[in-house]
Amino acid sequence: MDLLNQTPQELAGMMRELGQPAYRGAQVFDWLHKGARSAGEMTNLPKALREALQFTPPTVVERQVSRDKTEKLLFRLEDGQTVEAVLMHYQTGKTICVSTQVGCRQGCAFCASTIGGMARDLTAGEILGQVLHCGTPVDRVVLMGIGEPLENFDATTRFLSLINDPAGRNMSLRNVTVSTCGLVPRILELSELRLPVTLSVSLHAPDNETRDLLMPINRKYPVEELIHSCEIYFDKTCRRMTYEYVMIDAINDTLGHARALGLLLKGRPAHVNLIPLNAVAGRESFRPSPAPAVERFAAALSAKGVSTTVRRRLGSDIQAACGQLRRERLAL
Ligand code: SAH
């Protein structure tokens, strides 16, 4: 049973079917969201019910700790598939980066998650399970692990309502970020829900010529359409957009690219995160931009009035940094 996937109402219905009063659903929801790993722990339930409820939440089968204390967790799911999640310790609190699919089919040329293709979507319960069973309470969640959250739209939005549920973790959606490679129709669909979720778009190039080289999705939804959908997202949610920009040596890091990006985003409510490319085995033809190129790029954007930061490279020594997560364990 994927109990973690259920809303309180659905659990109440399930209890009635099991011949139990509906309030048992609220009790089970409470236990699940407090991190119970089996029904045996749910001591206020009658024994027969505890025996009837079988579930296996995602389990950490391996934990690697980086020099900077970032932790990479390998979760095993009920059917034996595995995904990675990353726990980051900031002064302002803990952030967990979770996966939304087993593998990824988007095919971005610089990313490890796409190697080996996609096996299946995660359920909302499996996304939530990574948060509940990472070993510590967290302050923020980013859906930036393996997979494309907006391709797995229903599970992603169900996860948002589960994590936000007042009877569970009650996490403000302001503390949740959904990252996308740019599925325009799904960005529009998400905007209709008017949730206060930060949307982070993996842009990586200001023009179609460069973006086509890096991200197959751009042939379907080119830059102009993508930026337009982000404008609509901002109009509906009032959440400032975040754009991710992986800096790749001599591919997308010239001053010309910086100026074009500045022009594209100038005057828009947006923040740009520059991410020096992280090394990916099997993707050696791409190299990270040298530090001076990153600084020059950031300065050119700031000069256009675009808010810009350079992302710290957390966890790269254990292959836990952006773009280094994958389905299969990599022998280090
Ligand atoms: N599919 C979603 C969620 C994955 S988020 C998305 O594309 O946004 C992972 C982030 O890491 C994305 O911004 C992705 O483009 C970035 N990334 C991928 N490979 C990378 C690499 N080698 N170095 C740095 N960042 C990378």
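Go through the whole structure looking for disulfides and you come back with zero. Keep in mind that this is a predicted model. Cys111, for one, is in no disulfide, and the nearest cysteine sulfur, that of Cys108, sits 6.2 Å away.

Is Cys322 buried or partly exposed? With a relative accessibility of 36%, Cys322 goes down as partly exposed.

Cys322 also takes us to the ligand. One of its backbone N or O atoms lies 3.3 Å from a ligand nitrogen atom. Asn278 does something along those lines, placing a backbone N or O atom 2.9 Å from a nitrogen atom of the ligand. With Ser202 it's the side chain that matters: a polar atom there lies 2.6 Å from an oxygen atom of the ligand. How much of the ligand does the protein bury? Taken alone, the ligand exposes 540 Å², and the protein buries 95% of that.

Which elements give two or more residues to the shell around the ligand? They are β8, covering 176–180, and β10, covering 241–247. Altogether, 20 residues surround the ligand, and the closest are Glu148, Ser179, Ser202, His204 and Asn278. Sort the shell by residue type and you get 10 nonpolar, eight polar and two charged residues.

Now zoom out to the fold. The protein chain is built with 10 helices and 12 strands. Its radius of gyration is 21 Å, close to the 20 Å that the globule rule gives for 332 residues, so the chain is as compact as a globular protein of that length. If you'd rather think in terms of a box, the C-alpha atoms fill one of roughly 70 × 45 × 35 Å, taken along the principal axes.

Technical notes. Residues are numbered from 1 along each chain as its sequence is written. This is a predicted model: local features need pLDDT of at least 70, side-chain atom pairs count only at pLDDT 80 or more; totals for chains, interfaces and linings use all residues. Side-chain values use heavy atoms; hydrogens and water are left out. A residue is near a molecule or strand if one of its heavy atoms lies within 4 Å of it. A polar contact is a pair of N or O atoms within 3.5 Å; within protein, one must be able to donate a hydrogen and the other to accept it, and residues adjacent in sequence count only if both atoms are side-chain atoms. Accessible areas come from the Shrake-Rupley method with a 1.4 Å probe; for residues, only the protein chains shown count as cover. Helices (H or I, at least four residues) and strands (E, at least two) are DSSP runs, numbered from the N terminus. Ala, Val, Leu, Ile, Met, Phe, Trp, Tyr, Cys and Pro count as nonpolar, Asp, Glu, Lys and Arg as charged, and the others, Gly among them, as polar. A disulfide is a pair of cysteine sulfur atoms within 2.5 Å. Buried means under 20% relative accessible area, exposed over 50%, partly exposed in between (1.4 Å probe, protein chains only). The radius of gyration is taken over C-alpha atoms; the globule rule is 2.2 Å times the number of residues to the power 0.38.
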